[in-house]
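Here is a short briefing on a protein model and its ligand. Look at the structure first, then read the points below.

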Amino acid sequence: MSIIEKAASRIDQQRQAAAPVPAAKSADQAPVADSAAADAVTAQPVAAAAAAPASPPPAAHPQAARGGAAPRVAAPGAATPGRQSTRKVDLDLGRMRDLGLVTAAGGRTNLLEEFRIIKRPLLKRAFAEHKPHENPSNLIMVTSSLPGEGKTYCAINLAMSIAMELDHTVLLVDADVARPSVLRTLGLPAQRGLMDILLDDKLDLSDVMLRTNVDTLSILPAGTSTPRATELLASSTMNAMVTELANRYPDRVIIFDSPPLLLTSESRVLASHMGQIVVVVEAQTTTQHAVQEALRQLDGMGNVNLIYNKTRDIPGIEETYDYHYG
Ligand SMILES: Nc1ncnc2c1ncn2[C@@H]1O[C@H](COP(=O)(O)OP(=O)(O)OP(=O)(O)O)[C@@H](O)[C@H]1O
Ligand SMILES: [Mg+2]
């Protein structure tokens, strides 16, 4: 049994021991985590997923917003209704493709296929009905135990892959506020962002959010670095802002690129806002101990998923690529 299978099966056992059995649902409403957890120990370790038992703090859900029943949160720093970000940046899609990132310009590639597999259960859960006390499932955080395991790479690819869907829009948030790298990876200069709206209540989300030449993709940069980052991420302002982000557009998925779990406290605080968490595990590098520790940090958080990243040279597969399943 691989490290991931063991980790996933551990969470699954905990879930079964601790969680109440959910009410039966129809096939397309069935909790994704359940089927994804099955994937974790069977065919698709790349997009493995397992649900953790408890539920994080209360927040409204996009379903409720769709039905008009969700409370509108007057979030300081949240975008004024109807006000659109006027700032736009151009992503260099050719450069992104050369860096091995998902782009619509890249044609049908293995990478595209892999992220299609990874995003499917996340999207299914993001727009499935869920309990009112659970965090909105369209808030998805990408994290890992240690630096360099591929969080930013996976967050950008996941965001691009979802942005290519006709039915969804994506906001990619650089929440690695101490060492932001989304803009740098995309070849864009640093800009004001998340930290600035949490620090300055006169700033509006629309002042710092960036629209891109991929119509369905927007970016919220990390913004100005501050030693108060953890406290700001834990603030009621942040809470109101993520609730607003989650509920403003019913078709929107928000992907948070995050710091490593074992080195910073920011990641755990961020995780407490999320409806789904993706933990990136670097093949042949992340130790079993690190994975277990990372998962322990997430104990009690719902919907923890695993991505097995940077796998190579599977015997019997002619093409070699950096990110695959099997
Ligand atoms: N599947 C992959 N295939 C090829 N290169 C990859 C893959 N995943 C990550 N990389 C490369 O590995 C390096 C580290 O990735 P990335 O910056 O995404 O890691 P990170 O976990 O975000 O690091 P940090 O903790 O420093 O933010 C980058 O150069 C990235 O392009
Ligand atoms: Mg990163």
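How far is an oxygen atom of ligand 1 from an N or O atom in the side chain of K151? The distance is 2.7 Å. This is a predicted model, where local features need pLDDT of at least 70, side-chain atom pairs count only at pLDDT 80 or more, and totals for chains, interfaces and linings use all residues. Residues are numbered from 1 along each chain as its sequence is written, chains are lettered from A and ligands numbered from 1 in the order in which they are written, and side-chain values use heavy atoms, leaving out hydrogens and water.

**Around ligand 1**

**Polar atoms beside the ligand**

- A polar backbone atom of E149 is 3.1 Å from an oxygen atom of ligand 1.
- D176 has a polar side-chain atom 3.5 Å from an oxygen atom of ligand 1.
- Taken alone, ligand 1 exposes 620 Å², and the protein buries 72% of that (Shrake-Rupley method, 1.4 Å probe).

**Salt bridges**

- The count is seven salt bridges (a side-chain nitrogen of Lys or Arg within 4 Å of a carboxyl oxygen of Asp or Glu).
- E165 and K119 form one of them, at 2.9 Å from N to O.
- E165 lies in the loop between helix 6 (151-163) and strand 4 (169-174), and K119 lies in helix 5 (residues 110-126), so the pair ties together parts 46 residues apart in sequence.
- Both E165 and K119 are buried (under 20% relative accessible area; exposed is over 50%, partly exposed in between; 1.4 Å probe, protein chains only).
- R120 also bridges to E165, with the closest N and O atoms 3.0 Å apart.
- R120 lies in helix 5, so this pair links parts that are 45 residues apart in sequence.
- R120 is partly exposed at 40%, whereas E165 is buried at 15%.
- E231 and R228 form a salt bridge, their closest N and O atoms being 3.4 Å apart.
- Shared partners join K119, R120 and E165 into one network of salt bridges.

Definitions and conventions: Helices (H or I, at least four residues) and strands (E, at least two) are DSSP runs, numbered from the N terminus. A polar contact is a pair of N or O atoms within 3.5 Å; within protein, one must be able to donate a hydrogen and the other to accept it, and residues adjacent in sequence count only if both atoms are side-chain atoms.
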